[in-house]
Amino acid sequence: MGLPADKWKKKSKSSSFQGGSSCNSRCKLQVCTILFICFLFFSIKYYSLPTSISISRSKPESPLPTSISISRSRSESKEALAGAGEYPQCSTQNKNRLSPDSLEGLPKAEKYMWFAPHSGFSNQVGELKNALIIAAILNRTLIIPPILDHHAVALGSCPKFRVQRAHQLRNSVWDHVIHLMQSSRYVSIADVIDLSDLISSSLVRTVDFRVFASLWCGLDIGLSCSGKLCHSLSRSFKAWGSPRTCRNLFSGLETNLSHCVYGVEEDCQTTVWTYQQESDDALDSFQPDDSLRKRKKIDYVRKRRNIDRVLGPGSMADHATVLLFGTLFSAPYKGSELYIDIHEAPKDERIQSLLHSIEFLPFTSEIINAGKEYARRKIKNPFLCAQLRLLDGQFKNHWKTTFSVLKDKLKVLQGQSQGTSKRTYIFLMTDLPTINWTGTLIGDLAADSKAYKLHILNEKDDLIVNTAKNLMNREYGFRSGFLPSFLKNVSKNEEYRSEVLPDILLYIEETVCSCAPLGFVGTAGSTIADNIEQMRKHNVCSLS
């Protein structure tokens, strides 16, 4: 052993005067001692390695556990499925690999389509319509999504050429959908929008996202269930997949799995999808102007492309089991369409019939009946409906005009009832709390109780709560489209109590407004107002 540092220095100093022989001998002894200790240490570590290596190498040589070698049933564990790779749904044709039983619940050789809805409810309905058309054109089964929270996912702006990339949007939507499932707030858009006529007519094929996620992704869907049928499926197979793994597939970025998933990256910045267009890849009439090109450094143009030629038979996309879109939102803009320009198909009778059928998609019967009931039993008299929702993006831009139109309408109604004691009944579709009515037009109307009688709905009203319960027990969304054959024997009348009820206030409010005999005052440019006008046009609510 060596001396402490301070003594070593003193000793070395004194030794330098006495001669170097004693120093050299001591140094050599210390160096040898250190080398010998290091040699022993590394020898021990080295000779202990073979044991651990031999053990780890022997594991693959051992036979498979008895439970796996005997049976490939629902009891298969995630470890057993690891032999099929990270994506067993993409390698089921390899007979030497294990595949989950749930995959057998899906139709053989069926092809599917998914899209990424976003923004508000009305925009999501518009995307659903476009998705139904495209799925029918490409002969794919459409995976029906849930209703996303209002503006939980935003696209951006197509006219300003500032949008999320398609795979980014798909990832954002996937994350929100999984959040809705895990927080028991999942509501299929088919729970609210009635697709029964379309499905029964065989114009389109659909499957609920939860059914697909359970069978194809191996996800546990139990928390997203609101009815007996969904819970029966969730208990039928042991979950073998993870949200993260299936998210990777739904992103569309797994290019080495193009036979399994194909992500469409063309968006509204570069493409306008058409159908049965004579000239393909023609320039669209709407292009970024020169100033925008320079500012955004845009080096691409918008082309009109036949969707069946690009993504249909004979294309690379056609080989994929799941075709993945980003947004399917579109709207007229500067003489063109932002993304999808398919409004007629004279050469395809089936698609032409579908285009006609989706012009107006009504709410499901529980919602319509609730709106009728409120109008008949609560308001009881002829009434006017006014849409004054602050969360409506267009209301912020047109509130002055909306209030002005409402005032003019009330003056006309007051003139008609002049000389009588009749009050004007008004149903207000508003999200402004009553404590904030003071100093507003709504507050003035409420204060003049002799002339006006206001009616509003609240999310805690018995009508809203009971309708929500009935709607969830019906499981319209889960039943929309394909279901595994073993679920067809599950009783439809057996109820299951859902702990979290959906927010359906807006839909019932729209229905009440469609029932207003004295008219409707809406916000210009609002998709909510447009839908109410469509409901009134199609005479959805009849009070006779």
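Reply: In this predicted model, helix H14 covers residues 349-357, and within H14 the residues Ile 351, Leu 354 and Leu 355 are buried. These three residues lie on the same side of H14, because they cover an arc of only 100° around the axis. At the start of H14, moreover, Asp 348 places a side-chain oxygen within 3.2 Å of the backbone nitrogen of Arg 350.

Strand S1 (residues 112-114) and strand S2 run parallel and are joined by two bridges, and the chain passes from S1 through H5 to S2 in a β-α-β crossover that is right-handed. One of the points where these strands meet is Tyr 112, whose bridge partner in S2 is Thr 141. Within strand S2 (residues 141-144), Thr 141 and Ile 143 point one way while Leu 142 and Ile 144 point the other way, and yet all of them are buried. Strand S2 also pairs in the parallel sense with strand S5 (residues 206-208), over three bridges, and here Ile 144 stands opposite Asp 208 of S5. In general, the strands of a sheet pair through backbone hydrogen bonds, and they do so either parallel or antiparallel.

A further example of strand pairing is an open sheet of three strands, in which the order is S7-S9-S8 and the pairing is mixed. Its edge strands are S7 (271-274) and S8 (282-283), each of which pairs on one side only. Between S7 and strand S9 (residues 303-306) there are four bridges, and the two strands pair in the parallel sense; Trp 273, for instance, has Arg 305 in S9 as its bridge partner.

Finally, it is worth looking at a residue in a loop, Pro 382, which sits between helix H15 (365-379) and strand S13 (383-388). Pro 382 counts as partly exposed, because its relative accessibility is 48%. If its neighbours within four places in sequence are left aside, Pro 382 is in contact with Tyr 425, Pro 517 and Leu 518. Computed along the chain, Pro 382 and Ile 426 are 44 residues apart, whereas in space their C-alpha atoms are 8.8 Å apart.

Terms used: Residues are numbered from 1 along each chain as its sequence is written. This is a predicted model: local features need pLDDT of at least 70, side-chain atom pairs count only at pLDDT 80 or more; totals for chains, interfaces and linings use all residues. Side-chain values use heavy atoms; hydrogens and water are left out. Buried means under 20% relative accessible area, exposed over 50%, partly exposed in between (1.4 Å probe, protein chains only). The arc is that of the directions from the helix axis to the C-beta atoms. A polar contact is a pair of N or O atoms within 3.5 Å; within protein, one must be able to donate a hydrogen and the other to accept it, and residues adjacent in sequence count only if both atoms are side-chain atoms. Two strands pair if DSSP finds at least two bridges between them. A crossover is right-handed if, with the strands pointing away from the viewer, the path from the first strand over the helix to the second runs clockwise. Contact means heavy atoms within 4.5 Å.
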